[in-house]
Amino acid sequence: MCIRDRIKTKLEKANVIVKVKIGSTGTMFGSVTDKAIVAAIKSATGETVDRHKIKMDKHIKKVGKYTVKIALESQVVANVPISVVSDK
């Protein structure tokens, strides 16, 4: 198993949590950025990911569970589950 495959497996099994600020009405301020996802991945796995390699179907603007794609190489794409939660 090559290094990229090991990193892919590690990312796909990680418990990645992004904490966001939620207003009194329950709405999120802004959206989850690629920088926030990179920081959460680094915290959960110790791996550094290039933020330009992160692909999202749409902007994340609500608390919940999502899957983002990270292109590790042209043929290696990790489907990383992330949980977006309130920071309180």
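Guide: A salt bridge is a side-chain nitrogen of Lys or Arg within 4 Å of a carboxyl oxygen of Asp or Glu. This is a predicted model, in which local features need pLDDT of at least 70 and side-chain atom pairs count only at pLDDT 80 or more, while totals for chains, interfaces and linings use all residues. Residues are numbered from 1 along each chain as its sequence is written, and side-chain values use heavy atoms, with hydrogens and water left out.

Visitor: Which residue meets Glu73 in a salt bridge?
Guide: Helices (H or I, at least four residues) and strands (E, at least two) are DSSP runs, numbered from the N terminus. Glu73 lies in the loop between β3 (64–71) and β4 (77–86), and its partner lies in helix α1 (residues 3–13), so the pair ties together parts that are 69 residues apart in sequence. The N to O distance is 3.5 Å, and the partner is Arg4.

Visitor: Is Glu73 buried, partly exposed or exposed?
Guide: Buried means under 20% relative accessible area, exposed over 50%, and partly exposed in between (1.4 Å probe, protein chains only). The relative accessibility of Glu73 is 43%, so this residue counts as partly exposed.

Visitor: How many residues apart are Lys10 and Glu47?
Guide: The two form a salt bridge, with the closest N and O atoms 3.2 Å apart. Lys10 belongs to helix α1 and Glu47 to the loop between α2 (34–45) and β2 (54–55), and the pair links distant parts of the chain, the separation being 37 residues.

Visitor: Which residue forms a salt bridge with Arg51?
Guide: Arg51 lies in the loop between α2 and β2 and the partner in helix α2, so parts 17 residues apart in sequence are tied together. The closest N and O atoms are 3.2 Å apart, and the partner is Asp34.

Visitor: Which residues does Ser83 touch, not counting residues up to four places away in sequence?
Guide: Ser83 is found in strand β4 and is buried, with a relative accessible area of 11%. Contact means heavy atoms within 4.5 Å. By that criterion, Ser83 touches Val16, Ile17, Val18, Gly64 and Lys65.

Visitor: Which strands stand at the edges of the sheet?
Guide: Two strands pair if DSSP finds at least two bridges between them. The open sheet has four strands in the order β1-β4-β3-β2, with mixed pairing. Each edge strand has a single partner, so one side of each is left without a neighbour in the sheet; the edge strands are β1 and β2.

Visitor: What is the bridge partner of Lys55 in β3?
Guide: Strands β2 and β3 run antiparallel and are joined by two bridges. The partner of Lys55 in β3 is Lys69.
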